[in-house]
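Work through the exercises below with the sequence and the model side by side. Each task is followed by a solution in steps.

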Amino acid sequence: MNWTPDRMLSRLDGDTELATQLAAIFIDEYPRMLERLRGAVDAGPADEVRRAAHALKGSVSNFVDGGPTATAFELETMGRNGQLDGTSAVLARLEQEIVALTVCLQDFQAKGTGSAESS
């Protein structure tokens with residue numbers, strides 16, 4: 001995943017301090033959000049998959065348009081359509097994408113400059 005903080009910073013009028021705070025909140029909160037989504041994928045019902053994926057998509061979309069945002073949307077759609085076959089594989093992909101994003105956000109926080117880029 002190629003990530004730069006440009007989208008995040010443009011949405012925040014270039015406020016690096018606020019971006020760093022949002023990254024910290026996401027890094028703190030995403031494990032609980034993923035756990036909720038895992039539980040929904042494992043046990044259903046489909047509407048809970050939709051809700052959990054929607055919440056995670058909203059958080060991730062603060063930082064990136066594609067990648068984990070698109071994958072969370074895919075899970076949200078599967079839940080909305082009551083189609084739970086294959087959700088485990090999509091969730092595994094989402095988890096990998098979020099780990100990659102988190103590494104980028106941690107790098108951004110460490111640099112504190114808004115110039116972090118990772119692939």
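**Exercise 1.** Find which residues Thr69 is in contact with, leaving aside its neighbours within four places in sequence.

Solution. Start from the location: Thr69 lies in helix H4, helices being DSSP runs of H or I with at least four residues, numbered from the N terminus. Next, list the partners: Thr69 is in contact with Lys57, Val60, Ser61 and Val64 once neighbours within four places in sequence are set aside. Contact means heavy atoms within 4.5 Å. Last, take the accessibility: Thr69 has a relative accessibility of 10% and therefore counts as buried (buried is under 20% relative accessible area, exposed over 50%, partly exposed in between, with a 1.4 Å probe and protein chains only).

The model is predicted, so local features need pLDDT of at least 70 and side-chain atom pairs count only at pLDDT 80 or more, while totals for chains, interfaces and linings use all residues. Residues are numbered from 1 along each chain as its sequence is written, and side-chain values use heavy atoms, with hydrogens and water left out.

**Exercise 2.** Describe helix H4 by its span, its buried residues and what they pack against.

Solution. For the span, H4 has 13 residues and reaches 18 Å from its first C-alpha to its last, close to the 18 Å expected at 1.5 Å a residue (the expected span is 1.5 Å times one less than the number of residues). For burial, the list is Pro68, Thr69, Thr71, Ala72, Leu75, Glu76, Met78 and Gly79. These buried residues pack against helix H2 (16-43), helix H3 (46-60) and H5. After H4 comes Gly82, with a positive phi near 70°.

**Exercise 3.** How are H3 and H4 arranged, and which residues make the contact?

Solution. First the geometry: the two axes come within 7 Å and cross at roughly 160°. Axes are lines fitted to C-alpha atoms, for helices over the stretch in contact, and angles run from 0 to 180 degrees between N-to-C directions. That angle makes H3 roughly antiparallel to H4 (under 35 degrees is roughly parallel, over 145 roughly antiparallel, 65 to 115 roughly perpendicular, the rest oblique). Then the residues: H3 contributes Ala46, Asp47, Val49, Arg50, Ala53, His54, Lys57 and Val60, and H4 contributes Pro68, Thr69, Ala72, Phe73, Leu75, Glu76, Gly79 and Arg80. By class, the H3 and H4 contact has eight nonpolar, three polar and five charged residues. Here Ala, Val, Leu, Ile, Met, Phe, Trp, Tyr, Cys and Pro count as nonpolar, Asp, Glu, Lys and Arg as charged, and the others, Gly among them, as polar.

Note on methods: Helices (H or I, at least four residues) and strands (E, at least two) are DSSP runs, numbered from the N terminus.
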